[in-house]
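Colleague: I'd like to learn how to read a fold like this one. Could you walk me through it, one feature at a time?

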Amino acid sequence: MAVVVIYNPACGDRTADAFFADHVFPLLEANNIQPALTVRTERDGHAGQAIVDFLETYAGESLVHVVLGSGDGTLHEIINALSFVTFKGDRANTSPPSIGFSLVPCGTANALYASLFPAKKEDKIAYRLQSLHSFIARGPIQSLTLSFSSLSSPPSSKQRRPKVAVSAVVTSTSLHASILDDSEKLRESIPGLERFKVAAAQNMSRWYHSYAKLLPLSKEGTVQIYDPQSNQFVTHDDSDEDTPFVDVYGPFAYFLSTVNVDRLEPEFRITPLTSQIPPQEPSLDVIMVRPERDPTFTVDSEETRVAFAKKTMAVLMEAYKDGNHVNLRYNSSGEVSSTYDGPTVVEYVRCGGWEWMPDDTDEKAHLLCCDGTIFNVQKEGRVVCLAARASANAGFTVHV
Ligand SMILES: Nc1ncnc2c1ncn2[C@@H]1O[C@H](COP(=O)(O)OP(=O)(O)OP(=O)(O)O)[C@@H](O)[C@H]1O
(Lines give C-alpha, C1' and ligand atoms only; values in the text may rest on other atoms or scores of the structure.)
Protein backbone atom coordinates (compact mmCIF):
# COMPACT_ATOMS: atom_id res chain seq x y z
CA MET A 1 0.00 0.00 0.00
CA ALA A 2 1.26 3.48 -0.89
CA VAL A 3 0.95 6.24 1.69
CA VAL A 4 0.50 9.80 0.46
CA VAL A 5 0.58 12.79 2.82
CA ILE A 6 -1.41 15.86 1.79
CA TYR A 7 -1.87 18.90 3.98
CA ASN A 8 -3.33 22.34 3.42
CA PRO A 9 -1.35 25.11 5.15
CA ALA A 10 -4.08 27.70 4.43
CA CYS A 11 -7.06 25.99 6.00
CA GLY A 12 -8.62 26.77 9.38
CA ASP A 13 -6.33 28.76 11.64
CA ARG A 14 -3.33 27.93 9.43
CA THR A 15 -1.68 25.56 11.89
CA ALA A 16 -1.27 22.57 9.56
CA ASP A 17 2.41 23.32 8.85
CA ALA A 18 3.35 23.34 12.51
CA PHE A 19 1.12 20.39 13.44
CA PHE A 20 2.53 18.19 10.70
CA ALA A 21 6.13 19.17 11.51
CA ASP A 22 5.71 18.67 15.25
CA HIS A 23 3.38 15.67 15.41
CA VAL A 24 2.37 13.98 12.16
CA PHE A 25 5.73 13.46 10.44
CA PRO A 26 7.44 12.32 13.68
CA LEU A 27 4.62 9.83 14.31
CA LEU A 28 4.90 8.41 10.77
CA GLU A 29 8.66 8.17 11.12
CA ALA A 30 8.46 6.49 14.51
CA ASN A 31 6.28 3.83 12.90
CA ASN A 32 8.51 3.41 9.84
CA ILE A 33 5.89 4.74 7.49
CA GLN A 34 7.59 6.41 4.54
CA PRO A 35 5.23 8.45 2.38
CA ALA A 36 5.56 7.81 -1.34
CA LEU A 37 4.53 11.44 -1.84
CA THR A 38 4.14 14.51 0.38
CA VAL A 39 2.12 17.47 -0.86
CA ARG A 40 1.79 20.82 0.90
CA THR A 41 -1.09 22.28 -1.12
CA GLU A 42 -0.47 25.58 -2.86
CA ARG A 43 -3.87 26.45 -4.29
CA ASP A 44 -7.47 25.41 -4.87
CA GLY A 45 -7.66 22.06 -6.63
CA HIS A 46 -4.04 21.12 -5.90
CA ALA A 47 -4.89 18.22 -3.58
CA GLY A 48 -7.16 16.53 -6.13
CA GLN A 49 -4.71 17.00 -9.00
CA ALA A 50 -1.81 15.70 -6.91
CA ILE A 51 -3.56 12.44 -6.08
CA VAL A 52 -4.71 11.94 -9.71
CA ASP A 53 -1.12 12.53 -10.92
CA PHE A 54 0.20 10.12 -8.30
CA LEU A 55 -2.20 7.38 -9.36
CA GLU A 56 -1.26 7.84 -13.01
CA THR A 57 2.45 7.70 -12.20
CA TYR A 58 2.15 4.64 -9.98
CA ALA A 59 -0.38 2.73 -12.02
CA GLY A 60 0.35 -0.51 -10.17
CA GLU A 61 -0.89 0.76 -6.82
CA SER A 62 -4.27 -0.73 -6.10
CA LEU A 63 -4.53 0.51 -2.53
CA VAL A 64 -3.63 4.07 -1.57
CA HIS A 65 -3.80 5.63 1.85
CA VAL A 66 -3.94 9.41 2.22
CA VAL A 67 -2.94 11.11 5.47
CA LEU A 68 -4.95 14.30 5.01
CA GLY A 69 -4.38 17.46 7.04
CA SER A 70 -7.23 19.79 6.14
CA GLY A 71 -10.87 20.62 6.66
CA ASP A 72 -13.82 19.14 4.81
CA GLY A 73 -13.21 21.26 1.70
CA THR A 74 -9.91 19.63 0.73
CA LEU A 75 -11.40 16.15 1.23
CA HIS A 76 -14.25 17.27 -1.02
CA GLU A 77 -11.74 18.34 -3.70
CA ILE A 78 -10.01 14.96 -3.65
CA ILE A 79 -13.27 13.00 -3.80
CA ASN A 80 -14.55 15.13 -6.68
CA ALA A 81 -11.28 14.89 -8.61
CA LEU A 82 -11.32 11.10 -8.31
CA SER A 83 -15.03 10.71 -9.00
CA PHE A 84 -14.77 12.22 -12.48
CA VAL A 85 -11.21 11.47 -13.50
CA THR A 86 -10.33 10.02 -16.88
CA PHE A 87 -6.91 8.50 -16.30
CA LYS A 88 -4.21 8.66 -18.92
CA GLY A 89 -1.23 6.35 -19.46
CA ASP A 90 -1.10 2.88 -17.93
CA ARG A 91 -4.17 3.53 -15.81
CA ALA A 92 -6.27 4.63 -18.81
CA ASN A 93 -9.79 3.14 -18.87
CA THR A 94 -9.61 2.10 -15.21
CA SER A 95 -11.51 3.35 -12.19
CA PRO A 96 -9.70 4.87 -9.23
CA PRO A 97 -8.56 2.33 -6.63
CA SER A 98 -9.97 2.27 -3.15
CA ILE A 99 -8.67 5.28 -1.23
CA GLY A 100 -8.38 5.18 2.55
CA PHE A 101 -7.95 8.31 4.63
CA SER A 102 -6.45 9.19 7.98
CA LEU A 103 -7.98 12.55 8.73
CA VAL A 104 -5.96 15.09 10.68
CA PRO A 105 -8.37 17.96 11.40
CA CYS A 106 -6.79 21.29 10.49
CA GLY A 107 -9.79 23.11 8.95
CA THR A 108 -12.36 25.51 10.33
CA ALA A 109 -15.31 23.19 10.95
CA ASN A 110 -13.90 19.67 10.41
CA ALA A 111 -17.43 18.30 10.32
CA LEU A 112 -16.52 14.78 9.27
CA TYR A 113 -13.76 14.40 11.84
CA ALA A 114 -15.90 15.89 14.64
CA SER A 115 -18.71 13.46 13.75
CA LEU A 116 -16.43 10.41 13.64
CA PHE A 117 -14.65 11.44 16.84
CA PRO A 118 -17.27 13.28 18.89
CA ALA A 119 -15.77 12.61 22.32
CA LYS A 120 -13.80 15.56 23.64
CA LYS A 121 -10.24 15.01 24.83
CA GLU A 122 -8.36 17.23 27.22
CA ASP A 123 -5.23 16.68 25.17
CA LYS A 124 -5.84 18.62 21.93
CA ILE A 125 -2.92 16.98 20.15
CA ALA A 126 -4.12 13.48 20.97
CA TYR A 127 -7.63 14.48 19.85
CA ARG A 128 -6.35 15.36 16.38
CA LEU A 129 -4.25 12.20 15.94
CA GLN A 130 -6.98 9.58 16.53
CA SER A 131 -7.66 8.68 12.89
CA LEU A 132 -3.93 8.43 12.16
CA HIS A 133 -3.38 6.23 15.23
CA SER A 134 -6.19 3.98 14.00
CA PHE A 135 -4.43 3.63 10.64
CA ILE A 136 -1.10 2.83 12.29
CA ALA A 137 -2.77 0.23 14.52
CA ARG A 138 -4.74 -1.21 11.55
CA GLY A 139 -7.90 -0.17 13.37
CA PRO A 140 -11.44 -0.06 12.01
CA ILE A 141 -12.50 1.76 8.87
CA GLN A 142 -15.75 3.37 7.83
CA SER A 143 -16.97 3.52 4.23
CA LEU A 144 -18.15 6.93 3.17
CA THR A 145 -21.61 7.41 1.73
CA LEU A 146 -21.53 10.04 -0.99
CA SER A 147 -24.19 12.43 -2.13
CA PHE A 148 -24.28 13.07 -5.88
CA SER A 149 -25.91 16.33 -6.98
CA SER A 150 -26.76 16.69 -10.67
CA LEU A 151 -27.45 20.25 -11.73
CA SER A 152 -29.64 20.13 -14.83
CA SER A 153 -30.18 22.99 -17.21
CA PRO A 154 -33.72 23.88 -18.32
CA PRO A 155 -35.17 21.48 -20.91
CA SER A 156 -35.14 24.33 -23.46
CA SER A 157 -31.35 24.69 -23.23
CA LYS A 158 -29.13 22.78 -25.59
CA GLN A 159 -26.76 21.70 -22.84
CA ARG A 160 -26.66 17.92 -22.84
CA ARG A 161 -25.05 16.71 -19.64
CA PRO A 162 -25.86 17.88 -16.15
CA LYS A 163 -23.00 19.10 -13.99
CA VAL A 164 -22.41 16.69 -11.08
CA ALA A 165 -20.89 17.53 -7.68
CA VAL A 166 -20.14 14.98 -4.99
CA SER A 167 -20.46 15.73 -1.26
CA ALA A 168 -19.12 13.67 1.62
CA VAL A 169 -20.67 15.89 4.30
CA VAL A 170 -23.42 18.32 3.35
CA THR A 171 -25.58 19.33 0.42
CA SER A 172 -27.84 22.28 1.02
CA THR A 173 -29.90 25.10 -0.38
CA SER A 174 -31.71 27.99 1.39
CA LEU A 175 -30.24 29.46 4.56
CA HIS A 176 -27.25 27.12 4.84
CA ALA A 177 -26.19 27.72 1.21
CA SER A 178 -26.57 31.50 1.68
CA ILE A 179 -24.50 31.35 4.87
CA LEU A 180 -21.72 29.41 3.17
CA ASP A 181 -21.83 31.74 0.18
CA ASP A 182 -21.46 34.81 2.40
CA SER A 183 -19.06 33.26 4.93
CA GLU A 184 -16.50 32.52 2.23
CA LYS A 185 -16.34 36.27 1.56
CA LEU A 186 -15.56 36.77 5.29
CA ARG A 187 -12.76 34.13 5.42
CA GLU A 188 -9.90 36.67 5.35
CA SER A 189 -11.37 38.98 8.01
CA ILE A 190 -12.83 36.26 10.32
CA PRO A 191 -10.78 33.02 9.98
CA GLY A 192 -12.66 31.07 12.72
CA LEU A 193 -16.16 29.65 13.18
CA GLU A 194 -17.46 33.13 14.08
CA ARG A 195 -17.78 33.95 10.37
CA PHE A 196 -20.64 31.43 10.02
CA LYS A 197 -22.58 33.29 12.76
CA VAL A 198 -22.01 36.67 11.09
CA ALA A 199 -23.18 35.26 7.75
CA ALA A 200 -26.20 33.64 9.45
CA ALA A 201 -27.31 36.97 10.88
CA GLN A 202 -27.16 38.49 7.37
CA ASN A 203 -29.56 35.89 5.97
CA MET A 204 -31.83 34.82 8.82
CA SER A 205 -35.07 36.43 7.64
CA ARG A 206 -34.85 35.28 4.02
CA TRP A 207 -37.27 32.66 2.64
CA TYR A 208 -36.63 30.53 -0.43
CA HIS A 209 -39.26 29.71 -3.02
CA SER A 210 -38.90 26.27 -4.47
CA TYR A 211 -40.61 22.97 -4.95
CA ALA A 212 -38.87 19.83 -3.67
CA LYS A 213 -39.48 16.14 -4.16
CA LEU A 214 -38.22 13.54 -1.68
CA LEU A 215 -37.14 10.20 -3.14
CA PRO A 216 -37.59 6.90 -1.27
CA LEU A 217 -34.93 4.82 0.43
CA SER A 218 -34.09 2.00 -1.93
CA LYS A 219 -34.41 -0.93 0.50
CA GLU A 220 -37.21 0.52 2.60
CA GLY A 221 -39.12 1.64 -0.50
CA THR A 222 -40.54 4.74 1.17
CA VAL A 223 -39.52 8.12 2.58
CA GLN A 224 -39.11 8.10 6.37
CA ILE A 225 -39.77 10.96 8.76
CA TYR A 226 -38.72 11.36 12.38
CA ASP A 227 -41.50 11.23 14.95
CA PRO A 228 -40.31 12.90 18.18
CA GLN A 229 -43.10 11.30 20.17
CA SER A 230 -41.95 7.74 19.53
CA ASN A 231 -38.33 8.81 18.97
CA GLN A 232 -38.05 6.83 15.76
CA PHE A 233 -38.37 7.14 12.00
CA VAL A 234 -41.78 6.29 10.62
CA THR A 235 -43.08 6.13 7.06
CA HIS A 236 -43.92 9.61 5.81
CA ASP A 237 -47.71 10.15 5.59
CA ASP A 238 -47.43 10.96 1.88
CA SER A 239 -45.24 7.99 0.98
CA ASP A 240 -46.22 4.38 0.41
CA GLU A 241 -44.99 1.55 -1.77
CA ASP A 242 -47.21 2.57 -4.69
CA THR A 243 -46.45 6.31 -4.59
CA PRO A 244 -43.26 6.63 -2.57
CA PHE A 245 -42.26 10.13 -3.72
CA VAL A 246 -43.18 13.05 -1.47
CA ASP A 247 -43.94 16.48 -2.90
CA VAL A 248 -42.86 19.36 -0.68
CA TYR A 249 -43.91 22.92 -1.40
CA GLY A 250 -42.07 25.99 -0.14
CA PRO A 251 -41.33 28.58 0.90
CA PHE A 252 -38.41 27.11 2.82
CA ALA A 253 -36.32 28.79 5.49
CA TYR A 254 -33.94 25.83 5.71
CA PHE A 255 -33.23 22.84 3.49
CA LEU A 256 -30.13 20.75 4.06
CA SER A 257 -29.05 17.14 3.80
CA THR A 258 -26.04 15.34 5.23
CA VAL A 259 -24.19 12.07 4.75
CA ASN A 260 -21.69 10.53 7.20
CA VAL A 261 -22.02 13.34 9.75
CA ASP A 262 -24.34 14.29 12.57
CA ARG A 263 -22.80 17.77 12.93
CA LEU A 264 -21.34 20.53 10.81
CA GLU A 265 -19.16 21.93 13.60
CA PRO A 266 -18.05 20.16 16.77
CA GLU A 267 -21.10 21.47 18.70
CA PHE A 268 -23.61 22.03 15.88
CA ARG A 269 -25.50 18.72 15.68
CA ILE A 270 -27.85 19.51 12.84
CA THR A 271 -28.62 15.85 11.90
CA PRO A 272 -28.21 14.14 15.29
CA LEU A 273 -30.16 11.03 14.31
CA THR A 274 -27.38 9.94 11.96
CA SER A 275 -25.56 8.78 15.09
CA GLN A 276 -28.57 8.09 17.37
CA ILE A 277 -30.48 5.98 14.83
CA PRO A 278 -27.79 5.01 12.30
CA PRO A 279 -29.00 4.57 8.71
CA GLN A 280 -29.26 1.00 7.45
CA GLU A 281 -28.51 1.84 3.82
CA PRO A 282 -26.98 4.73 1.87
CA SER A 283 -29.35 7.59 2.58
CA LEU A 284 -29.62 11.32 3.18
CA ASP A 285 -30.76 12.87 6.44
CA VAL A 286 -32.73 15.97 5.43
CA ILE A 287 -33.65 18.91 7.64
CA MET A 288 -36.39 21.25 6.41
CA VAL A 289 -37.95 24.31 8.02
CA ARG A 290 -41.03 25.59 6.22
CA PRO A 291 -42.58 28.72 7.75
CA GLU A 292 -46.09 27.86 6.58
CA ARG A 293 -46.18 25.00 9.11
CA ASP A 294 -46.34 27.63 11.84
CA PRO A 295 -49.99 27.51 13.06
CA THR A 296 -50.07 31.31 13.22
CA PHE A 297 -48.88 31.80 9.63
CA THR A 298 -51.28 33.90 7.57
CA VAL A 299 -49.45 35.81 4.88
CA ASP A 300 -45.90 36.09 3.49
CA SER A 301 -44.76 39.65 4.24
CA GLU A 302 -41.54 41.32 5.30
CA GLU A 303 -42.94 41.57 8.82
CA THR A 304 -43.81 37.85 8.94
CA ARG A 305 -40.34 36.90 7.74
CA VAL A 306 -38.61 39.06 10.33
CA ALA A 307 -40.81 37.56 13.06
CA PHE A 308 -40.20 34.01 11.80
CA ALA A 309 -36.42 34.60 11.81
CA LYS A 310 -36.57 34.20 15.61
CA LYS A 311 -37.98 30.70 15.16
CA THR A 312 -35.34 29.77 12.60
CA MET A 313 -32.75 31.12 15.01
CA ALA A 314 -34.27 29.01 17.81
CA VAL A 315 -33.85 25.92 15.59
CA LEU A 316 -30.19 26.69 14.97
CA MET A 317 -29.50 27.47 18.64
CA GLU A 318 -31.14 24.22 19.76
CA ALA A 319 -28.95 22.34 17.26
CA TYR A 320 -26.03 23.54 19.40
CA LYS A 321 -27.74 21.90 22.41
CA ASP A 322 -26.97 18.36 21.38
CA GLY A 323 -29.36 18.48 18.43
CA ASN A 324 -32.48 19.28 20.43
CA HIS A 325 -34.04 21.21 17.50
CA VAL A 326 -35.51 17.93 16.25
CA ASN A 327 -37.85 17.97 19.26
CA LEU A 328 -39.10 21.55 18.85
CA ARG A 329 -42.84 21.88 18.29
CA TYR A 330 -45.33 24.72 17.95
CA ASN A 331 -48.17 25.58 20.30
CA SER A 332 -51.35 27.17 18.95
CA SER A 333 -49.86 30.65 19.48
CA GLY A 334 -46.92 29.81 17.23
CA GLU A 335 -44.40 29.67 20.08
CA VAL A 336 -41.78 26.93 19.90
CA SER A 337 -40.55 24.57 22.60
CA SER A 338 -39.77 20.89 22.97
CA THR A 339 -42.55 20.69 25.59
CA TYR A 340 -45.35 21.68 23.14
CA ASP A 341 -47.35 19.13 21.18
CA GLY A 342 -48.22 20.94 17.93
CA PRO A 343 -46.54 20.40 14.53
CA THR A 344 -42.78 19.92 14.58
CA VAL A 345 -40.84 23.05 13.60
CA VAL A 346 -38.29 20.93 11.79
CA GLU A 347 -39.18 18.16 9.36
CA TYR A 348 -36.41 15.56 9.74
CA VAL A 349 -36.54 13.13 6.85
CA ARG A 350 -34.45 10.11 5.90
CA CYS A 351 -34.61 9.37 2.18
CA GLY A 352 -32.69 8.10 -0.84
CA GLY A 353 -32.49 11.50 -2.49
CA TRP A 354 -34.26 14.74 -3.32
CA GLU A 355 -34.99 17.08 -6.17
CA TRP A 356 -34.95 20.85 -5.84
CA MET A 357 -36.70 23.05 -8.39
CA PRO A 358 -36.25 26.70 -7.44
CA ASP A 359 -38.75 29.34 -8.42
CA ASP A 360 -37.38 31.34 -11.37
CA THR A 361 -37.86 34.67 -9.68
CA ASP A 362 -36.04 33.73 -6.47
CA GLU A 363 -32.35 34.23 -7.14
CA LYS A 364 -31.09 33.04 -3.74
CA ALA A 365 -33.14 29.82 -3.99
CA HIS A 366 -30.80 28.90 -6.87
CA LEU A 367 -27.78 28.57 -4.57
CA LEU A 368 -26.58 25.03 -3.87
CA CYS A 369 -23.82 24.20 -1.39
CA CYS A 370 -21.85 20.95 -1.69
CA ASP A 371 -19.42 20.65 1.24
CA GLY A 372 -18.88 24.41 1.18
CA THR A 373 -18.53 24.79 -2.59
CA ILE A 374 -21.28 27.00 -3.96
CA PHE A 375 -23.07 26.34 -7.25
CA ASN A 376 -25.80 28.29 -9.01
CA VAL A 377 -28.72 26.30 -10.38
CA GLN A 378 -29.65 27.72 -13.78
CA LYS A 379 -32.98 29.49 -14.22
CA GLU A 380 -35.67 26.84 -14.91
CA GLY A 381 -33.07 24.21 -14.00
CA ARG A 382 -33.13 21.82 -11.04
CA VAL A 383 -30.92 19.72 -8.80
CA VAL A 384 -31.27 15.99 -8.22
CA CYS A 385 -29.32 14.75 -5.22
CA LEU A 386 -28.86 11.01 -4.60
CA ALA A 387 -27.10 8.99 -1.90
CA ALA A 388 -24.74 6.18 -2.94
CA ARG A 389 -21.94 4.10 -1.49
CA ALA A 390 -19.29 2.26 -3.50
CA SER A 391 -19.12 -1.49 -3.34
CA ALA A 392 -16.22 -3.28 -1.62
CA ASN A 393 -12.71 -2.54 -2.98
CA ALA A 394 -13.75 0.81 -4.39
CA GLY A 395 -14.72 4.17 -3.06
CA PHE A 396 -13.50 5.97 0.03
CA THR A 397 -12.94 4.85 3.60
CA VAL A 398 -11.79 6.65 6.74
CA HIS A 399 -9.89 5.16 9.66
CA VAL A 400 -11.91 5.58 12.84
N1 LIG B 1 -1.95 27.07 -0.25
C2 LIG B 1 -3.23 27.39 -0.32
N3 LIG B 1 -3.62 28.69 -0.28
C4 LIG B 1 -4.91 29.04 -0.31
N5 LIG B 1 -5.94 28.15 -0.38
C6 LIG B 1 -5.62 26.86 -0.43
C7 LIG B 1 -4.26 26.41 -0.40
N8 LIG B 1 -4.25 25.05 -0.43
C9 LIG B 1 -5.56 24.67 -0.50
N10 LIG B 1 -6.37 25.75 -0.49
C11 LIG B 1 -7.83 25.80 -0.47
O12 LIG B 1 -8.25 26.06 0.87
C13 LIG B 1 -9.67 25.81 0.93
C14 LIG B 1 -10.11 25.54 2.33
O15 LIG B 1 -9.68 24.28 2.75
P16 LIG B 1 -10.55 23.35 3.72
O17 LIG B 1 -11.96 23.36 3.32
O18 LIG B 1 -9.87 22.06 3.80
O19 LIG B 1 -10.45 24.09 5.10
P20 LIG B 1 -11.51 24.96 5.88
O21 LIG B 1 -12.48 25.61 4.95
O22 LIG B 1 -10.75 25.87 6.77
O23 LIG B 1 -12.20 23.88 6.79
P24 LIG B 1 -13.69 23.27 6.78
O25 LIG B 1 -14.01 22.91 5.35
O26 LIG B 1 -13.61 22.08 7.68
O27 LIG B 1 -14.57 24.35 7.33
C28 LIG B 1 -9.89 24.67 -0.06
O29 LIG B 1 -10.88 25.08 -0.96
C30 LIG B 1 -8.53 24.51 -0.76
O31 LIG B 1 -8.67 24.38 -2.14
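Modeller: Happy to, and keep in mind that this is a predicted model. Let's begin where the domains meet: 14 residues of domain 1 are in contact with 19 residues of domain 2.

Colleague: Which elements give two or more residues to the side of domain 1 that touches domain 2?

Modeller: Those are helix H3 (72-83) and helix H4 (111-116). H3 gives the most, with seven residues. By class, this side of domain 1 has six nonpolar, six polar and two charged residues.

Colleague: Where do the domain bounds fall?

Modeller: The domain assignment gives domain 1 as 2-139 and domain 2 as 146-388. Their C-alpha centres lie 29 Å apart.

Colleague: Now the core. Which residues of the largest nonpolar core touch the most other members?

Modeller: This core has 104 residues, and those touching the most other members are Ile51, Val66, Leu112, Leu214, Tyr254, Cys351 and Trp354. Both domain 1 and domain 2 give residues to this core, so it lies between them.

Colleague: Let me zoom in on one of them. What does Ile51 touch, leaving out residues up to four places away in sequence?

Modeller: Ile51 touches Val4, Val66, Ile78, Ala81 and Leu82.

Colleague: How do I read a helix, then? Let's take H10.

Modeller: Start with its length. Helix H10 covers residues 302-319, and at 1.5 Å a residue its 18 residues should span 26 Å; the end C-alpha atoms are 26 Å apart, which agrees. Then look for bends: H10 has a kink of about 25°, centred on Phe308.

Colleague: And how do I think about which way its residues point?

Modeller: The general idea is that an α-helix has 3.6 residues a turn, so residues three or four places apart point the same way. In H10, the buried residues are Phe308, Thr312, Val315, Leu316, Glu318 and Ala319.

Technical notes
Residues are numbered from 1 along each chain as its sequence is written. This is a predicted model: local features need pLDDT of at least 70, side-chain atom pairs count only at pLDDT 80 or more; totals for chains, interfaces and linings use all residues. Helices (H or I, at least four residues) and strands (E, at least two) are DSSP runs, numbered from the N terminus. The expected span of a helix is 1.5 Å times one less than its number of residues. The bend at a residue is the angle between axes fitted to the seven residues ending there and the seven starting there. A residue is buried if 20 or more other C-beta atoms lie within 10 Å of its own, exposed if 12 or fewer, and partly exposed in between; C-beta atoms are placed from the backbone. A nonpolar core is a set of buried Ala, Val, Leu, Ile, Met, Phe, Trp, Tyr and Cys residues joined through C-beta atoms within 7 Å. Domain bounds come from an automatic or database domain assignment. Two residues are in contact if their C-beta atoms, placed from the backbone, lie within 7 Å. Ala, Val, Leu, Ile, Met, Phe, Trp, Tyr, Cys and Pro count as nonpolar, Asp, Glu, Lys and Arg as charged, and the others, Gly among them, as polar.
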